[in-house]
Amino acid sequence: WVQYEGLGRALDLYPRQRVQTVLHLAEIVREDGDEARGRAALENELPHPEVELKLAQWDREAGLLDDARMRLEAVVGRRGYPARIRARAWAQMAQVRDLAGDGEGATAAARQALALDPRSTAPHLALAKLAERRLDYSGALKHLRSAWGLTPADPRLLVKISMMAEKAGEISDARLALERAVVVEPDSPEMAARLVDFHLRHGEYMDATLRLNEFTTRFPSDSRLLRQAERLSREIASDL
C-alpha cells in the first residue's frame, strides 16, 4: 500500500517522470499477481519506446513470441529513437529469435545491438545467453566479463559471472566474482550466503568458517546463514 501510495503521488508531483513511474508501478502490480492491470497501465502510455520494450519483455516471458517480435520491430524500425533504445530492442530481439529456434538470427540481432550501442550491457548479456545455450561456457563468460567492464558495480552481474565461471571450470574466477559482489553490496545477506555456499560446495571449510563468523555477526538472524552454519558443523564432523 505504501508503494502504491508513493507512486500515485509521484505521478502527480513529477509529471516529467510519468513513464518511469508507471513502469515501476506496473511491475509492482504484476508481482502482486495482476498482470492484466499492469498491462492496462502500460498501454495507456503507448507508443513510448520504454513501454514497448517492457511489454515485449512480458510477452517474451509469457511465450508470446510473435507479439514480442512485432513490438520490438516497431522500436528498431524507428530511426528517430535513440541508439541506446534501439540497441536494447535488438538485444531483446536476440532473445526472442533464440527462443523461436533461430540461432543465427539471434546472433545477428545481438551484434546489431552491439554496433548501435557499444557501451550497453544488453548486447553482451544477450550474446552470453546465446553462448550458454550452445554450451560454450567460456564464450559466455567472455561476454559477461565485457558487460562487467561497463558496469563494475553490478552485484547481480557478478553473480552471473561466478555461475558461468564455475560452468567453465574457472573456480578461482568464480570465487573472486562472489567476493567482489560481497564488497559491492556489503549489506546484503543474500550475497554473503552465496559466498559461503560456494566455499561449502568446494570443501573450503576454513574459508567458510571465517566468512560465517564475519557474516553471522553482521546478520545474526538470517536463516540462510544459520542453516549454513549447521551444515558446516555436520560436514566437518563427518570428516573427522
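Helix H8 (residues 121-133) and helix H9 (residues 137-150) pack with their axes within 7 Å, crossing at roughly 165°. That angle is over 145 degrees, so H8 is roughly antiparallel to H9. The model is predicted.

**The H8 and H9 pair**
- Two packed helices are described by the angle between their axes and the distance between the axes.
- The crossing of H8 and H9 is left-handed.
- H8 contributes Thr 121, His 124, Leu 125, Leu 127, Ala 128, Ala 131 and Glu 132 to the contact.
- On the H9 side, the contact residues include Tyr 137, His 143, Leu 144 and Leu 150.
- By class, nine residues in this contact are nonpolar, five are polar and one is charged.

**Trp 148**
- Trp 148 sits in helix H9.
- Trp 148 counts as partly exposed because its relative accessibility is 24%.
- Beyond neighbours within four places in sequence, Trp 148 contacts Leu 157, Leu 158, Ile 161 and Arg 180.
- Trp 148 and Ala 131 are 17 residues apart along the chain, and their C-alpha atoms are 17 Å apart.

**Nonpolar cores**
- The largest nonpolar core has 30 residues; Leu 144, Ile 161, Val 196, Phe 215 and Leu 225 touch the most other members.
- H8, H9, H10, H11, H12, H13 and H14 each supply at least two residues of this core.
- H12 gives the largest share of this core, with seven residues.
- Leu 225 touches Ala 192, Ala 193, Val 196, Leu 212, Phe 215, Thr 216 and Phe 219, leaving out residues up to four places away in sequence.
- A second, separate core has 22 residues, including Leu 72, Val 75, Met 93 and Val 96.

How values were computed
Residues are numbered from 1 along each chain as its sequence is written. This is a predicted model: local features need pLDDT of at least 70, side-chain atom pairs count only at pLDDT 80 or more; totals for chains, interfaces and linings use all residues. Side-chain values use heavy atoms; hydrogens and water are left out. Axes are lines fitted to C-alpha atoms, for helices over the stretch in contact, and angles run from 0 to 180 degrees between N-to-C directions. Helices (H or I, at least four residues) and strands (E, at least two) are DSSP runs, numbered from the N terminus. Angles under 35 degrees count as roughly parallel, over 145 as roughly antiparallel, 65 to 115 as roughly perpendicular and the rest as oblique. A crossing is left-handed if the near helix is turned anticlockwise from the far one by less than a right angle, and right-handed if clockwise. Contact means heavy atoms within 4.5 Å. Ala, Val, Leu, Ile, Met, Phe, Trp, Tyr, Cys and Pro count as nonpolar, Asp, Glu, Lys and Arg as charged, and the others, Gly among them, as polar. Buried means under 20% relative accessible area, exposed over 50%, partly exposed in between (1.4 Å probe, protein chains only). A nonpolar core is a set of buried Ala, Val, Leu, Ile, Met, Phe, Trp, Tyr and Cys residues joined through side-chain atoms within 4.5 Å.
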